[in-house]
Amino acid sequence: MKNKLKFLLSLLIITQSSWLTAQQAPSQYNANTRFEQLTNLPTPNTYRTASGSPGREYWQQRADYDIKAELDDAERKITGSETITYFNNSPDELGYLWLQLDQNKFKQDAIGHVTETGGISGQASFDKFKDLTDPKKYGYNILSVKDKMGSPLKYTINATMMRIDLPTPVKSGGSVSFSIDWNFLVPEYDGRGGYEFYPKDGNANYFIAHWFPRMAVYNDVYGWQHKQFLGRGEFTLNFGNYKVALTVPNDHVVGASGELQNPNAVLSAEQIKRWEKAKNTTRPVVIVSQEEAEKAEKGKPSGKKTWIYKADNVRDFAFASSRKFIWDAMQVDVEGKKVWAMSLYPKEGNPLWGQYSTMVVAHTLRSYSKHTVAYPYPVAYSCHAVAGGGMEYPMISFNGGRPEADGTYSEQVKYGMIGVIIHEVGHNFFPMIVNSDERQWSWMDEGLNTFCQYLAEQEWDRNYPSRRGEPQNIVPYMKLDATQQVPIMTNSENISDQTFGPNAYAKPATALNILRETVMGRELFDAAFKEYARRWAFKQPYPADFFRTMEDASGVDLDWFWKGWFYTVEPVNQSLENVEWFGIDKADPTQKSDIARKDAAAKRETMSNIRNKTDIQKTVVEENPDMKDFYNSYDRFATNEGDKKKYDQYMAGLSEDEKKLVDANKNFYVLNVKNKGGLPMPVIVRANYEDGTNEVFRIPAEIWRLNDKEVKKVIPTDKKVTKWTLDPFFEIADIDTEDNAFPREPAQPTRFQVFKGQRPPQPNPMQQQAKPNAVQGAKN
């Protein structure tokens, strides 16, 4: 056995051209903390456990609302009255309550407004100056705050928050009821809510959100979460039950969070028939037709109607109202439950909206339910708001995506509309069900939702051009200088406009996709992600709860991943610096002699020797044979009997497995990989073999745990490799792929277009097909 070990340890390694003695290159140890456990997570307790699940004493508050409100179309004004019943499930006695007054964000002296920064360059939009100079007095007018007996309650307004002082503290386990009367002018649509005016017909669509004074959250993490609404960080809200009566002009169509309670009072007999038909179809049924909507556009209301809605266990309530709305709907099966998928849109949204919106709603509910929890609510609306962007509320969302006036649209508009509907309807799951703190952590709803959006988009169409989710799509952001980025774990209000999209949406969505496809695998990831949604459905998780659950349910240590992707702005940049090719020397003296002989012969083929064959007619020795001696015929590569005998003795002492290894003729490649970006990631490398086949090797990120700068990895193969490529499937968001191949690939030119004069606007492809002359004109 000792001789066998000596033999194996003394095996010689052969390269393509020379023999080398096998030796282990000394490894350079680079101590790092990347794979140490996260130490900045909050200490587990009886409310939130170390496993990431709610603790045995987890609690959260509840607020129920009974609201009556009226929309004044002429004045663009909302007047409302509400009764709030607040349930104190905390262990604390509360002497005062905090409410959110989000409409105060639109006041001229609002913190978010007066702290906006930026200058004026050569061009500026009218909207910018309108925001600065609009004389209208937006924000809440609080008319009264009373207890359940009708007595006034003392209150103090602090910007977008209001404190109500209770005459008697509400004890743990107790509840308190009070009422508020208010009104406000509806601002123009700002991306979250407001009205959109149509000058051609003089009508407006209303998208009414964060429109009533609502309870702030009191929880085990922050106590009162009353961080001011500056405009970026969205909402932190309590679950509760809502009963809402909305009085609008009687020619309006309304959609809202919750289930319509009085359809017979607000719809015609024919519309009720269509409603019933929509319960058993596989395609949307038009409940209010375009013809009916156009007729309403041209008329005037003759009175008012009150639409009554009921919504249980929701964190908010929003609604849309207009005489311009077309309404289509169908009931779909979602995890064994019938759910209404509905759309409201003006004629300006067609043909896109009639063809796609409700079908996309139905698909989104099914897709998200499969990946998270079954959709629990009775309805989901998609409403067509201003051309771009979208906004979400429980059971209802306001979405962009509008065709041209001639009904044509670009591919970008089509897929942008489908994507935004998936995204905003998907928000029913994050944060409407998994109720994260948006005011503090935008990524916990936007990032997780964008990831699920990516999954749903790919399920919608085989080659769907998803904007976010694929690792290579985040590369331009991660290539930016570190001063132009912020970590994902950054408060919502401290992220710039330029950074917010990549930071809160794209980067966390990409990180989750990488976890699913590359780090954990689909089976482990999907089970853990679904477990997170199950644990925290109708509860309020924070980042640590997500991080811990993903590890707890998968059995995968991901602290290194959270550190790199969520707490830093380091990029991924792996480089394949060099590849060395080795093979086992069998130590067969005959084989060794043959190889050495061929090697020596090859080295003699120098340019001088080639030319000398013709230039030197005869050498001295050739002309004088007596000049030859022993060494002119000596074979320096000949094998002697002693070497052969020694080799036979070694081979006889090997086991069968050891002989197979020696005889296998395996190739051994040593890959030298550098981590130039800093962010450790798995090493994925593809070997292209000389016979045209290929093989992919996947090495977990833990390869960097002892040296996070540079590693060498030996990969054995049966076939010879012609090319090695790092990250061949663009899985890890490597910001520089020019150094990912070995041997290096030749550089490719950067191409540019040349055109004469100012480049004219190009018609969309649908217009090009319909109007070939217009295309010709655009070229001239």
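Ala 533 touches Thr 372, Val 373 and Val 434, leaving aside residues up to four places away in sequence. The model is a predicted one, and in it Ala 533 sits in helix H12, which covers residues 522-536. With a relative accessible area of 0%, Ala 533 is buried. Thr 549 comes 16 residues away from Ala 533 along the chain, and the C-alpha atoms of the two are separated by 9.7 Å.

Another buried residue to look at is Asn 503, with a relative accessible area of 1%. Asn 503 belongs to helix H11, residues 497-519.

Now for the nonpolar core. Nonpolar side chains tend to be buried together in soluble globular proteins. Here the largest nonpolar core holds 188 residues, and Trp 211 and Trp 327 are the two that touch the most other members. Setting aside residues up to four places away in sequence, the contacts of Trp 211 include the aromatic residues Tyr 140, Trp 182, Phe 184, Phe 317 and Phe 319. Trp 211 also touches Ile 67, Ala 69, Ile 78, Val 244, Leu 246 and Ala 318, as well as Gln 103.

On to the strands. An open sheet is built from 6 strands, running in the order S18-S21-S22-S23-S25-S24 with mixed pairing. Strand S18 (285-288) and strand S24 (390-393) form the edges, each pairing on one side only. From one strand to the next, the twist averages 20°. At the S24 end, S24 pairs with strand S25 (residues 396-399) in the antiparallel sense, over 4 bridges. Tyr 393 has Ile 396 of S25 as its bridge partner.

Next, a helix pair. Two packed helices are described by the angle between their axes and the distance between the axes. For helix H13 (residues 543-554) and helix H14 (residues 559-566), the axes come within 10 Å and cross at roughly 145°. The crossing of H13 past H14 is right-handed. On the H13 side, Phe 546, Phe 547, Met 550 and Glu 551 make the contact, while H14 brings in Asp 559, Trp 562 and Phe 566.

Most residues other than glycine have a negative phi, and most peptide bonds are trans. Where does the model show a cis peptide bond? One joins Asn 350 and Pro 351, with omega at about 10°. Pro 351 lies in the loop between strand S22 (337-345) and helix H7 (352-371). A cis peptide bond also joins Phe 430 and Pro 431, where omega is about 15°. The loop holding Pro 431 runs between helix H8 (411-426) and helix H9 (443-460).

As for phi, Arg 76 has a positive value near 50°. Arg 76 is in the loop between strand S3 (62-72) and strand S4 (77-87). Is Arg 76 buried or exposed? Arg 76 counts as buried because its relative accessibility is 19% and the cut-off for buried is under 20%. Phe 730 also has a positive phi, near 55°, and is found in the loop between strand S31 (721-726) and strand S32 (741-742). Phe 730 is partly exposed, at a relative accessible area of 41%.

Key: Residues are numbered from 1 along each chain as its sequence is written. This is a predicted model: local features need pLDDT of at least 70, side-chain atom pairs count only at pLDDT 80 or more; totals for chains, interfaces and linings use all residues. Side-chain values use heavy atoms; hydrogens and water are left out. Two strands pair if DSSP finds at least two bridges between them. Helices (H or I, at least four residues) and strands (E, at least two) are DSSP runs, numbered from the N terminus. Axes are lines fitted to C-alpha atoms, for helices over the stretch in contact, and angles run from 0 to 180 degrees between N-to-C directions. A nonpolar core is a set of buried Ala, Val, Leu, Ile, Met, Phe, Trp, Tyr and Cys residues joined through side-chain atoms within 4.5 Å. Buried means under 20% relative accessible area, exposed over 50%, partly exposed in between (1.4 Å probe, protein chains only). Contact means heavy atoms within 4.5 Å. A crossing is left-handed if the near helix is turned anticlockwise from the far one by less than a right angle, and right-handed if clockwise.
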